[in-house]
Amino acid sequence: MAIHESAEDYLETILKLREQQGQVRSIDIVTEKGFSKPSVSVAMKKLRESGHVEMDDSGLLTLTPQGEAIAQRIYERHRVLTGILTSLGVDPETAAAEACKIEHDISPGTFEKLRAHFNF
């Protein structure tokens, strides 16, 4: 099943916040991304319905194995692409922003070639 870029971004954000904080609630995503509470609420509902995220009674979000796999793939791409761009002299903030755009569209084969070429 195909997943939209926005859903990938939400899953990646949950993963990053979990690594930073240990646990994640919807309000953490609101704060991190600057989105409205209703927008995040709708997105989390869709991700729960699609089987990518679970929410317990206290509002803690966890990635399902399916959601975890997508989040890990996107986050790895983000880190590698940011590293490649900064190694080429792009300033870190621009590199991170542009990596975020590229990470969703680059083919697996092209990504692997870039990673191998730049030894990431």
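The following dialogue explains how several descriptions of this predicted model are reached.

Mentor: In this predicted model, local features need pLDDT of at least 70, side-chain atom pairs count only at pLDDT 80 or more, and totals for chains, interfaces and linings use all residues. Residues are numbered from 1 along each chain as its sequence is written, and side-chain values use heavy atoms, with hydrogens and water left out.

Trainee: Why is α2 called oblique to α3?

Mentor: The axes of helix α2 (residues 26–33) and helix α3 (residues 37–49) cross at roughly 125 degrees and come within 9 Å. That angle makes α2 oblique to α3, because angles under 35 degrees count as roughly parallel, over 145 as roughly antiparallel, 65 to 115 as roughly perpendicular and the rest as oblique. Axes here are lines fitted to C-alpha atoms, for helices over the stretch in contact, with angles from 0 to 180 degrees between N-to-C directions. Helices are DSSP runs (H or I, at least four residues), as are strands (E, at least two), numbered from the N terminus.

Trainee: Which residues of α2 and α3 meet?

Mentor: Ser26, Ile27, Ile29 and Val30 in α2 meet Lys37, Val40 and Met44 in α3, where contact means heavy atoms within 4.5 Å. By class, this contact has five nonpolar, one polar and one charged residues. Ala, Val, Leu, Ile, Met, Phe, Trp, Tyr, Cys and Pro count as nonpolar, Asp, Glu, Lys and Arg as charged, and the others, Gly among them, as polar.

Trainee: What span is expected of helix α1?

Mentor: Helix α1 (residues 5–21) has 17 residues, and the expected span is 24 Å at 1.5 Å a residue. The rule is 1.5 Å times one less than the number of residues. From its first C-alpha to its last, α1 reaches 24 Å, close to that expectation.

Trainee: Why does arginine 115 count as buried?

Mentor: Its relative accessibility is 17%, so arginine 115 counts as buried; the term means under 20% relative accessible area, with exposed over 50% and partly exposed in between (1.4 Å probe, protein chains only). Arginine 115 lies in helix α6 and touches Glu76, Val80, Ile84 and Phe120, not counting residues up to four places away in sequence.

Trainee: How is glutamate 112 classed, and why?

Mentor: Glutamate 112 also lies in helix α6 (residues 108–117). At 39% relative accessibility, glutamate 112 counts as partly exposed.

Trainee: What makes asparagine 119 exposed?

Mentor: Asparagine 119 has a relative accessible area of 68%, and is therefore exposed. This residue is found in the segment after α6.
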